[in-house]
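Here are my notes on the model, point by point. Please read them with the structure open.

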Amino acid sequence: MKRHKFHYYSRNKKLILYLTAILAVSVLILLFTLYSQYHIYEITKDENEKWYGSWQGVVVDVSSENEDLLQEHELMEKTGTTGIYGNILSDDRSIGLVGYGDTQFFDMANLDLVKGHWPKKEGEIVVESQILDQLRKSYDLQLKISATVQTTEGHVTKDFTVCGIIDNYSSTWAIQRDFPNAFIAQSPGLIEQSKNIYLIPQKGYENILNEIHLEKNQEILENTAIEVNYNPFSTSNLSYTVIGLFAIVSSILLVSYTFFQWTRKHYKEIQILKSLGADHKILIKDLLHLYSKSMILPLFIFPISCLWMKLPGQMYLFAVILFLISLVLSILLSMIQVFRIPENINTYTEAILIRTRRLSVKQYKKMSPFRMAIRNIRWNLKRKIVQILLTSSLLVSLLLTLTSFNESRFMENYYNGFSDFLIQAEYDSQGNIKTIDPSIVTKLSSIQGVNYFESLYLSSGQFSVAWNDQSQAVFNKDFIDYPIFQIGDKGINQVFPNVLYVSSSRFKDRIFTDIDEGSFNEDTFNSGEEVILYLPAFCYSEAKNELDASQIYPLDNKEDSTNNVCTEIYEENSIKVGDEVTIQNRDGQQHQAKVQGIIRRPLNDSSKYDYTDSLLLQAFTLPYTVIASDSFFELEDPVSHISIWLDSDMNKAPIEETISTICSNEGLQLINKSTEKRIEVEKYERRVLIYAIITALLTFVSVMFLYYFFKQDDLVRMQRNEILSQLGIQRRKIRAIDNYELGIHLFCILCLSILLYVILFFGSHYQMNSVVPWMDSSFNSINMISYPLLILLFVGIYVLLAKIGRK
Amino acid sequence: MDAIVKLQNVNKVYKGVTKGTKALKDCSLEVKPSSFTSIIGKSGCGKSTLLNAIGGLIEVDSGSICVKGTELTTMTRGERAAFRRNHIGFIFQFFNLLQELTVIENLMIPFDLNQQRVDKEFMDGVLQYLELQDVLKKFPYELSGGEQQRVSIARAIIRKPSIILADEPTGNLDRKNAKQVVSLLRECQRLYSQTIIMVTHDMDLAKKADTMQYMEDGQVMSYETT
């Protein structure tokens, strides 16, 4: 005879459907968070390898013995070499190294040709664009450049034809030593001056680089730029970590919650079953059967998602363990609920809530809608706690995602703020900076694809400034060892400040509204009779050793400065408004002008500027700056520095070529930073997009959760309100109870979320041992209101769903 | 003596899940003041709907419901709630006590939320009569079914309504408690001169009323006045 199996829970399709949906969503959220973290890790690693090379160690100027040792090392997966043949010359001065690289090196270096091809025959050369910039040459192929190389006949200068151009890689690599700045084909006729060997150990043996002992005191230098340490609490990972934890906690709570709600609804049936002899063993078996049915879809999703997401085995195992733990906890909680139902059928009542909780009500107090709301929350405390916890964790996840979004957006803007090109006029033989022809300025500014353009005239170290009380100046009383201060005649030292002219009204507004002493008089300033001085208090940081250099910089805040950073803090007070200053250039020409005003507040704070490396920002890196009109220089609207920002969606290659051609023709110095900038901008653009998607997904999950909670609450609420209505309680009072309850609920969620957010956010930064670099700036901008806006949106959705969820 | 409750040709059709179910069909009824009327009938014959209509808990489709000389069918929902507050008390089969409130809080909630004053002396008398003094601080789940129904009766009475509507007040009680509850209702009606309309399907209990009405298919069949 076929034995009849007991099925009660496990044949309830609706319950199975609910549990399946919850478990499947939990699995997806959990896998998504792991995938996101892994994805970010992988992307960062790939980006670093792309930009800084995939080699993990290098031996610079390697000896032949060590080269053989490393080439033949059994744990080495790949080795590449570069050799140096000589130097690229500009005016008999070396501006870079010329050499070769083997195929393995180019595989590891990930160098992309901007144009042209790699050298195939003798006489061809591929150069970094910065070499062409330094040579004042355009980015054209077939150009001739000279290099000294060593042959068997000694050092000879040879001409090479540019066959390809690469981005500047060598200046960004972690170790800035002896990398070729230009590549030629390997030639037996040329003698290597030095050779580098680049190493990639076999997977799992990365530590071997620390264990290999080389001869002749040579060492393996590690490529620190490609090291990516996974930290789940870093600012970029924290939101995912919290979402992952939320997925686990919510699956436990939500499964138990759903089961609890269902048990409440079927209290009578379960009681009858128990009274008819269904013991705990049978019920547990049935319960396990229920969960096994509900697990079919999640278990199906698990491997498919992992394969699709290409998660590594360990991560997959970790996710499975986490999920199983949460499932076991959920089953245990469900069992407890089943055990608690009494077998005695006589205790059954039709009331939906059967409570045995003893609330502490000391004495009768007049009931108000508020007290009634509080009592209702106390009465349903466990359910409310589950709801508040889940909703708060959702809100915290949203806030943390918003933080990551804001941080990425800030970084995107920060890198977007860097100019793509910096163009500077040459210095003449006397050391005076030349001016750029106005027609060239116009030409550069009108190139299609130029998004923003800055220009000014800035001379550093060209002019010395003298005034009556100069002997009382801080650099005379206490000589400061820094290039702008120089020992003068008769024991009176001299200062060579920055001298600045700005034509842009935007720049003028920025400067002339910040005058602290005196006031701006446009007529006398424009006539060149008067000048403005920038004299903030400054920090002098003395060089600690021979490799270091002394530094001076304007102090942001005198009180905040610490003595361990500044050797001394100075303030120049020997010069006052109305004093006459004599400014002399290197040719001995003198100009006299009166001090019209003095700016004391530091102007070097990048957060005050729309552009990260605004020229104006560069002009105020020194505490001594003279701001004068073009009449003062006896020049008409001079320009010495230009910064160019490109449209981010423009193809930069043709613009680069145009600019480099102009600069090369005009003998202007070009610094091209467009590639580095785009890599960073694109990295953060991608993150902004990911965080925006997560925010949208989380908002959707929040809406679903809240709706579910309100629907669940509605049953109890309706029952209470029906009784109150039968008792003739005014509708507005009933509504007031509902609203108070909603308000208290919301208040608890907001308090808990904000508290958790603050703890997690600052805890994360404390743990990362970092300050919050982007907060000061970003909190001044629109980001500051994004948090209250998000909270308002959440409150809006909450209230709306509460109204919709209520019948 | 004029009827305190007068229904004329009342019709009520439930829409929705029970689409087209006629709960009341040209239903008419008259109840005299300070009387105890019982309404009996099979399940689904419209007894509870009739009681809810008299209490202003539901809107009817047509007909007239006049309670204490006031026409309920022309009132708004708010006005009906106010009318109920002042003139009608309810007693239900499942007691309808708020589980999260103690007995005293359950009794006082209509007064507290509506900011009305309670007649303390009257309330003490009712509590004494219903033997509820010792359970005032308890929660409903701590009481027996009979005790819970007595709390429900006390809650209806202490507001001094002219009419008490009892919807199967003994349905969830054993025989002994059921008899006690009906006796209490009868006694309250006598002591406080209240009009009681009780719905039941227990013929023995219904017979204890002054008037017994029989309902079938949404109509009061044995329409008689006492």
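Predicted model: local features only at pLDDT ≥ 70, side-chain atom pairs only at ≥ 80, totals over all residues.

1. Start with a salt bridge inside chain A. The side chains of K115(A) and E657(A) meet in it, at 2.9 Å from N to O. Over all chains, the salt bridges come to 26.

2. How many salt bridges are counted between chain A and chain B? The count there is one. E105(B) and R375(A) form it through their side chains, with an N to O distance of 2.5 Å. Side chains of opposite charge can pair when their charged atoms come close. Polar contacts across the interface of chain A and chain B number 11 residue pairs, both residues being at pLDDT 80 or more.

3. Now the side of chain A that touches chain B. Helical and other elements are listed here if they give two or more residues to that side: α11 (369-379), α20 (674-726) and α21 (731-767) of chain A. By class, this side of chain A has 13 nonpolar, seven polar and 11 charged residues.

4. Next, the extent of the contact. Chain A contributes 31 residues and chain B contributes 30 residues. Between them, the two chains bury about 2,900 Å², and 60% of that lies on carbon and sulfur atoms. Which residues of chain A lose the most area to chain B? They are Y364(A), Q726(A) and L727(A), which together make up 24% of what that side buries.

5. Chain A also holds an open sheet of three strands. The order is β20-β19-β21 (chain A), and the pairing is antiparallel. β20 (551-554) and β21 (568-570) of chain A stand at the edges with a single partner strand each, so one side of each has no neighbour in the sheet. Neighbouring strands are turned by 25° against each other on average, direction ignored.

6. Strand β19 (residues 538-541) of chain A pairs with β21(A) in the antiparallel sense, over three bridges. Y540(A) has E568(A) in β21(A) as its bridge partner.

7. Chain B has an open sheet of six strands. Their order is β6-β7-β8-β3-β9-β10 (chain B), with mixed pairing. The edges are β6 (88-92) and β10 (219-220) of chain B, and each pairs on one side only.

8. Inside the chain B sheet, which sense does the pairing of β7 and β8 take, parallel or antiparallel? Strand β7 (residues 163-167) and strand β8 (residues 195-200) of chain B pair in the parallel sense, over five bridges. I164(B) stands opposite I196(B) in β8(B). Helix α2 (residues 77-87) of chain B packs on the sheet and touches β6 and β7 of chain B. The direction of α2 makes about 85° with that of β6(B).

Note on methods:
Residues numbered from 1 in each chain as written. Chains lettered and ligands numbered in written order. Heavy atoms only, no water. Pairing = 2+ DSSP bridges. Helix = DSSP H or I, 4+ residues; strand = E, 2+ residues; numbered from the N terminus. Contact = heavy atoms within 4.5 Å. Axes fitted to C-alpha atoms, helices over the stretch in contact; angles between N-to-C directions. Buried area = accessible area lost by both parts, 1.4 Å probe. Salt bridge = Lys/Arg side-chain N within 4 Å of Asp/Glu carboxyl O. Polar contact = N/O pair within 3.5 Å; in protein donor to acceptor, adjacent residues only side chain to side chain. Nonpolar A, V, L, I, M, F, W, Y, C, P; charged D, E, K, R; others polar.
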